Amino acid sequence: MREFQIPYPGDDPVANNRKKWMNSEFTPRKLREISDDDIVSLLGHRKPGTAYSSVHPPLDEMKEAADPIKELVVPTDGAKAGDRIRYIQFADSMHFAPLPPWMRFRMYGARLRGFDSLAYSGRTLLEMRERDLDETAKFLVETEIFDASRVAMRSVTVHGFSLRLDEDGLMFDARRRYVFNKETGEVEYVKTQRATPLDRRISVGKPLPEDELKTLTTRYHTALTSPRDADELIKVVKRVGELRVLGGLRPDLVDGR
Amino acid sequence: MAVDKKTHIKLLEETFKVSPTDIVDKKLYQHGGTRQSKRKTEYIEYANRIAKERGIPAYDPDHIALELEVGVPLGQRYLEPVKISGTDVMCEYEDLHIMNNVAIEQMVDDIFRTAIVCIDLPHKVLVDRYGFEVTPESINTYLETINHTMVGGAVTQEHMCEMHPGPCADGYVKIFTGNDEVAGSLDSRFVIDINKEFTPEKAAKLKEGVGDSLWQVSRVPTHALRTMDGAIIHRWNAMGQTMAFIASYHLCAGEAAISDFAYAAKHAQYIWMGTPPFVSKARGHNSVVGLPVGYIFDIIQHESAMPDDPIPVSAEGLAMESILYFALYYGQMMIGTVGVTVAPATFYVNELYESRGAHLVDWIKDKYGGIAQAPMYWDTIHDCTDEATMAAIEEYDTYPLLPEHHWGLIQAVQISLISSACAAWATGKPMAGALAAHYCKSFVQKEALMRTGWGGQESTHHPAMPAMTSVLLDEGLPVELTGINVPFRSPFADSQHYTSHSVVAAHEARMDAWALSPIVKVAFADPHLPFNFRNVRESVAKGALREFEPAGERDVLRPTK
């Protein structure tokens, strides 16, 4: 994929963190190791070691209508194999999860191929061909994109991102998919993202220290970098907002602005 | 209670019984489940009786979640009680579900069972075509007669069943005019007296708006509306009205002239409370989908505190909008069952709007020299949006109880809503308020927080900005005339919510006597309506306490228990 940096206004810590995530070349820190089988278990779409389900034959075996776009776009491995489309969904706490939904959505756009996504208020859905998803989910859970206390895999009953934290500093989960192991200091999943019980606990590591979460944050916060101080960002959104009205209503009025 | 800029935070502290700045809930997962809620406990016990009697399982949240393990165990977080703003009534959110609160239901019914028709033209036909005299006495006779026919009474045919008056006790007809002399000549039992129901300043403006015309307001029984949907209201009124005219003026029920008369009386100058919805909603006239948002300001009758304070009337409008557009349309008509039920209520509880409004009204007076004084410039819209948004974000950042209270990120809608109010109050222009809300949702809060609302929520706000500035029928419309039938407004309630609120806030800021129609304003000043449109929240509170007596009940027609 071509390297690129999505531009973003401002030069404060939040703006700079945002730019980082919208750079296709940025390599996030790997914080934990989770086996391929454990990733498959957490996703809950199939049992580890079982074959991928197909929704069509491999592309090589199919006779497709002529289409110049297909010559331009190289299919992903999952598309080549005819995998079904499956999902992973993350809930990101408003209490300093590294990537809130729109940031996560934009990060996906900067570095993933063959995906569909939707940013909600607290969660972000990601859909891909299944083998592509397995690989991507591993990347998303093993790196600093994921914090064990403020980010969670949830396909259902996603709420909790705006609630106060529990006594261990974890984001509320009405399905209790994960617990804090006080002996190891690690967060362990006891259920899949679909809230079905796992055969054994799967650790996703220790939560990041609060100070580090605040350093990593990509949201403006009154106590850190106030949105009132994001002068360049405010200037840009004012201009975009104004031009959106003029461009939609009377494009001729946009001339020279 | 006196509201200041921190009242809503103090109320949260009182209801949660913890510090609002605490980020940790030490009792999380140990709040008592469903049994911490008096209402949910009541539901479970009631449903158990239903299930036992009928032999089919019913509502049973604990069984579904804890025994079948297929649902969410409810009540792991604290289910906080809320105070209905503008009242001293505490209740559970359960009490503000539209299907649990008979006052809310009656509010909707009272709006959409209303038929308004000008009777100048039928009078003209009676005089010019038939050669009759129309006098105060003949009008009074007609009004007595229509109060009989409007509830199913027969006047021209014998072999007719009639309706039991019990379930139809809220069916009646009144009349009003802007001409004091004419109004004074009519039987006062039937007259909505503009001079009595409004302040002298507003009465003068309304009488000028209504003019010398004579307007009839029919309240079709709630019982009929609930049985047959809003589309019946026009027909029902037409039948009752024509029968009353025929009887009281001794018309012939078959001659050619009656067709002229029937058109003049039934249709020529009739006002619907709403146009029909788009096809997939499959309803007729007088549905919330076709209600022009300008009518919201006209329907509410709350006492104004202007020129100092636009908040009391705006808050009343907000409560009604939240119920009509968020709870009824989005929560029930678009979704149904559990739908969107808590979110709409957050707009009229815990004095949140009043507290935030208090800060913004001071800010507007300081910056622009008064309410409705700011120029309609981009800078005004931007500055109002920025101040409202940033002030709200500061609260959410400082008090973790607040985002928990606005669970599900209703905060995104709340922030845009208060931005809308701010720009509307500052300029007195609904367009400014609506643009501010869309701009806030699409850009300011999105870029500040990197989150907006539920999936796709903001998708309507980007096209809404240019579309709503157009007054072409297939693009926008003047703001007061818009409604859910405008395509970009229909998918999400919050889009509609902002527009209607900007209309209420702006017209109150301008101290207008009405927004869209003086006729509708006067029609809802009728003190005999079951729902009290002078105090929306007080009536809703009565419903929450189960102290509100709704109309249309069928007690006299069912077995005695």
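I started at helix 2 of chain A and listed its buried residues: A:Asp38, A:Ile39, A:Val40, A:Ser41, A:Leu42 and A:Leu43. Buried here means under 20% relative accessible area, exposed means over 50%, and partly exposed is in between, with a 1.4 Å probe and protein chains only. Helices (H or I, at least four residues) and strands (E, at least two) are DSSP runs, numbered from the N terminus.

A note on the source: this is a predicted model, in which local features need pLDDT of at least 70 and side-chain atom pairs count only at pLDDT 80 or more, while totals for chains, interfaces and linings use all residues. Residues are numbered from 1 along each chain as its sequence is written, chains are lettered from A and ligands numbered from 1 in the order in which they are written, and side-chain values use heavy atoms, leaving out hydrogens and water.

**Helix 2 of chain A**

I checked how covered this helix is, and 6 of the 8 residues in the run 36-43 are buried. What do those buried residues pack against? I found strand 1 (85-92), helix 6 (130-142), strand 4 (151-153), strand 6 (186-191) and strand 7 (197-203), which also belong to chain A. I count a contact when heavy atoms lie within 4.5 Å. Just past the end of the helix I stopped at A:Gly44, where phi is positive at about 75 degrees.

**Chain A overall**

I then stepped back to the whole chain. Chain A holds 8 helices and 7 strands, and its C-alpha trace spans about 65 × 60 × 30 Å along the principal axes. Of its 257 residues, 53% are buried. I also looked up sequence separation: taking the contacts in chain A with a separation of 6 or more, 61% are between residues 24 or more positions apart.

**A:Asp83**

I located A:Asp83 in the loop between helix 4 (77-81) and strand 1 of chain A. Setting aside neighbours within four places in sequence, I noted that A:Asp83 is in contact with A:Tyr52, A:Ser53, A:Ser54, A:Val55, A:Gly78, A:Arg129, A:Glu130 and A:Arg131.

**Cavities and a pocket**

On a 1 Å grid over the protein atoms alone, a cavity is a set of points where a 1.4 Å probe fits but cannot get out; a pocket is an open set with protein on both sides within 12 Å along at least five of seven lines, and lining residues have an atom within 4 Å of a point. Points are joined across faces, edges and corners, and a volume is the space filled by probe spheres set on them.

How many cavities of 30 Å³ or more does the whole structure have? The search turned up 4. I opened the largest cavity, which holds about 60 Å³ of space. Its lining draws on chain A, including A:Tyr220, A:Pro227 and A:Val237, and on chain B, including B:Met390, B:Phe443 and B:Ala448. I saw that two or more lining residues each come from helix 8 (231-249) of chain A and from helix 17 (378-398) and helix 20 (430-449) of chain B. Helix 20 of chain B gives the largest share, 4 residues.

I also looked at the second largest pocket, with about 470 Å³ of space. Of its 17 lining residues, B:Val108, B:Asp109, B:Arg226, B:Arg283 and B:Leu328 lie nearest the centre. Helix 4 (102-112), helix 10 (222-228) and helix 14 (311-335) of chain B each give two or more residues to this lining, and helix 4 has the largest share with 4 residues.

**Stops along chain B**

I found B:Met376 in the loop between helix 16 (352-368) and helix 17. It counts as partly exposed because its relative accessibility is 36%. Beyond residues up to four places away in sequence, B:Met376 touches B:Ile381, B:Lys429, B:Met431 and B:Ala432.

I logged a cis peptide bond between B:Met306 and B:Pro307, with omega about 15 degrees. B:Pro307 sits in the loop between helix 13 (294-299) and helix 14 of chain B.

Which phi values are positive without a glycine? I noted B:Met511, with phi near 60 degrees, and B:Arg546, at about 60 degrees. B:Met511 is in the loop between helix 22 (493-509) and helix 23 (518-523) and is partly exposed at 35% relative accessibility. B:Arg546 belongs to the segment after helix 24 (536-544) and is partly exposed, with a relative accessible area of 46%.
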